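Hi,

Here is the structure I promised to pass on. Have a look at it first, and then read my notes below.

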Amino acid sequence: ATHVYWSNRAEGSVNRVPKGGGTVEPLATGQSSPGDLAVDATHVYWINSGTGQVMRVETTGTGQQQLAGAQGGPVSLQISSDTVYWTNKDDGEVRYVSKTGGGVETLKSGLSGVSALAIDDAHLYWGADGTGEIARYTFASAATVPVADGQSEPVALEVQGSDIYWLNAMSATERLVRASCL
């Protein structure tokens, strides 16, 4: 990628700047508390937590599109080659939609405080701060298995190789945790 992308909640914008420095370019303005975002070769995807929307815009700043609306507290977002995934913390759901739009589907429901997502080629992972669980969903089999439990408000999941890392936001002693994804 030639640019760095970010959302600015206070200004209600999604922006980019060349990696080498330069002028900040707003890609989308007038957003309602834009949050977590992901970027592929052609688009930037983000959540508007203030209005419960999942959005996209071309990396050039044209073609802004709502992919999902009226979501129950979207917090975390990840993308695969053809799908956008996000957590709805208030509704306790992991949901998804095609990158090009269409019908919104529920991947998993009944999750207490689901607020973090990570993805690799074969799996989607989530953290639920209401139960302290980290779980792994396998795309090929649609099976969900626990990776860890008893965590203290797990946030900021990241997969690297065969390991998954997360922060325990409410723990005084175990802030950064690693576990095997296998």
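This is a predicted model: local features need pLDDT of at least 70, side-chain atom pairs count only at pLDDT 80 or more; totals for chains, interfaces and linings use all residues.

Which residues does Cys181 touch, not counting residues up to four places away in sequence? They are Tyr125, Arg136, Val159, Ser162, Asp163 and Ile164, where contact means heavy atoms within 4.5 Å.

Residues are numbered from 1 along each chain as its sequence is written, and side-chain values use heavy atoms, with hydrogens and water left out.

Back to Cys181. Cys181 is one of 12 residues in the largest nonpolar core, together with Ala116, Ala118, Tyr125, Ile134, Ala148, Leu157, Val159, Ile164, Trp166, Val177 and Ala179. A nonpolar core here is a set of buried Ala, Val, Leu, Ile, Met, Phe, Trp, Tyr and Cys residues joined through side-chain atoms within 4.5 Å. Buried means under 20% relative accessible area, exposed over 50%, and partly exposed in between (1.4 Å probe, protein chains only). At least two residues of this core come from each of β12, β16 (154-160), β17 (163-168) and β18 (176-180). Strands are DSSP runs of E, at least two residues long, and helices are runs of H or I, at least four, numbered from the N terminus.

Next, a sheet. Four strands make an open, antiparallel sheet in the order β12-β13-β14-β15; two strands pair if DSSP finds at least two bridges between them. β12 (114-119) and β15 (143-148) are the edges, each with a single partner strand, so one side of each has no neighbour in the sheet. Direction ignored, neighbouring strands of this sheet are turned by 25° against each other on average, using axes that are lines fitted to C-alpha atoms (for helices over the stretch in contact), with angles from 0 to 180 degrees between N-to-C directions. Inside the sheet, β13 (residues 123-128) and β14 (residues 133-138) share six bridges, and His123 has Thr138 of β14 as its bridge partner.

Then there's β9 (residues 83-88). Six of its six residues are buried, so β9 is largely enclosed by the rest of the structure. Thr83, Tyr85 and Thr87 cover one side, with Val84, Trp86 and Asn88 on the other. β9 runs antiparallel to β8 (residues 74-79), with four bridges, including Leu77 to Trp86, and a hairpin through three residues joins the two strands. With β10 (residues 93-98), β9 pairs antiparallel over six bridges; Thr83 has Ser98 as its partner there. That hairpin has four residues between the strands, and Gly92 in the turn has a positive phi of about 70°.

Finally, charges. I count five salt bridges, meaning a side-chain nitrogen of Lys or Arg within 4 Å of a carboxyl oxygen of Asp or Glu. Among them:

- Asp129 and Lys89, with closest N and O atoms 2.9 Å apart. Asp129 is in the loop between β13 and β14 and Lys89 in the loop between β9 and β10, so the pair ties together parts 40 residues apart in sequence. Lys89 is partly exposed, at 31% relative accessibility.
- Arg16 and Glu25, at 3.2 Å between the closest N and O atoms. Arg16 is buried at 12% relative accessibility, whereas Glu25 is partly exposed at 27%.
- Glu93 and Arg95, at 3.7 Å, N to O; both are buried.

Cheers
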